[in-house]
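Thanks for coming. I will take one protein today and go from the overall fold down to single residues. Please have the model open while I talk.

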Amino acid sequence: MGKKAVIVIDMLNDFVTGTLKCDRAQRIIPPLKRLIESARVNGVPVIYSNDLHYKGVDKELNLWGDHALAGTKGAEVIEELKPAEGDFIIPKRRYSGFFQTDLHLLLRELGVDTLIMTGLHANMCVRHTSADAFYWGYRILIPKDGTEAFTEEDYVGGLDYLAKVYGAEITSVDEIIKEFA
Ligand code: ZN
């Protein structure tokens, strides 16, 4: 078993309660809180992969409208899952947390080879980040109570795709916490 890291994707004000609000995201806040706290206690790195867009510049905004704009409250992690000292925050401007970011270099330096992929959305940023993780050869664990999507169909289809195409192991927060200790 290799070294793990928890990747928390886009649990930002704009995605949970703001302009791109996903009501279903509420369900995953308590389990993610437990997962993140347990990771910190057990020395497992917690890495936030956060949308951070430039207004009037990022093409993605044409599709989705303004969200997670640099310097706004909407671009901050929700209060319940706030980063703590020792956590890492890596901004991204595309769906994938790897694309043109510091993530792969950081994971290499930390000696991480297994990613616990969480956050929003199972069929978009979690999927695209998992695609790059798969290309780089990381093992991917996805707690089913740690990710969500706008609809049940997107959620179920998203998990199914992750398992089938990237070999993601679909598990639960409790199972993952059990293995930390
Ligand atoms: Zn975005």
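Of the contacts in the protein with a separation of 6 or more, 77% are between residues 24 or more positions apart. Keep in mind that this is a predicted model.

On overall dimensions, the C-alpha trace spans about 45 × 35 × 30 Å along its principal axes. The radius of gyration is 15 Å, which agrees with a compact globule, because a chain of 181 residues would then have a value near 16 Å. Buried residues make up 52% of the 181. The protein exposes about 8500 Å², and carbon and sulfur atoms supply 54% of that area.

Now the secondary structure. The protein has seven helices and seven strands. Going along the sequence, the pattern reads β-α-α-β-α-β-α-β-α-β-β-α-β-α.

Ser 49 sits in strand E2. Is Ser 49 buried or exposed? Its relative accessible area is 1%, so Ser 49 counts as buried. Which residues does Ser 49 touch, leaving aside those up to four places away in sequence? They are Ile 7, Val 8, Ile 9 and Asp 10, then Ile 90 and Lys 92, and finally Gly 97.

Next, charges. In general, side chains of opposite charge can pair when their charged atoms come close. The count here comes to 17 salt bridges. I will go through some of them.

Start with Asp 58 and Arg 93, which form a salt bridge with the closest N and O atoms 2.7 Å apart. Arg 93, with 32%, is partly exposed.

Another pair is Asp 23 and Lys 21, whose side chains meet in a salt bridge at 2.9 Å, N to O. Asp 23 has 55% relative accessibility and so counts as exposed. Lys 21 has a relative accessible area of 46%, so Lys 21 is partly exposed.

Then there is Lys 82 with Glu 79, where the closest N and O atoms are 3.9 Å apart. The cut-off for a salt bridge is 4 Å, so that pair is counted. Lys 82 is partly exposed at 37% relative accessibility, and Glu 79 is exposed at 55%.

Salt bridges also link up into a network, made of Arg 24, Arg 27, Glu 148 and Glu 152.

Last, the nonpolar side of the surface. Which residues make a nonpolar surface patch of about 300 Å²? The patch is made by Leu 63, Trp 64 and Phe 150. Phe 150 lies in the loop between strand E6 (147-148) and helix H6 (152-166). Phe 150 has a relative accessible area of 32%, so Phe 150 is partly exposed. Patch residues need over 30% relative accessible area, so Phe 150 passes that cut-off.

To recap, the protein has 52% of its residues buried, a salt bridge between Asp 58 and Arg 93, and a nonpolar patch that includes Phe 150. That is all I have.

Definitions and conventions. Residues are numbered from 1 along each chain as its sequence is written. This is a predicted model: local features need pLDDT of at least 70, side-chain atom pairs count only at pLDDT 80 or more; totals for chains, interfaces and linings use all residues. Side-chain values use heavy atoms; hydrogens and water are left out. Patches are made of residues with over 30% relative accessible area and no salt bridge: like charges are joined within 9 Å, nonpolar side chains (Val, Leu, Ile, Met, Phe, Trp, Tyr) within 5 Å. Accessible areas come from the Shrake-Rupley method with a 1.4 Å probe; for residues, only the protein chains shown count as cover. Helices (H or I, at least four residues) and strands (E, at least two) are DSSP runs, numbered from the N terminus. Buried means under 20% relative accessible area, exposed over 50%, partly exposed in between (1.4 Å probe, protein chains only). The radius of gyration is taken over C-alpha atoms; the globule rule is 2.2 Å times the number of residues to the power 0.38. Contact means heavy atoms within 4.5 Å.
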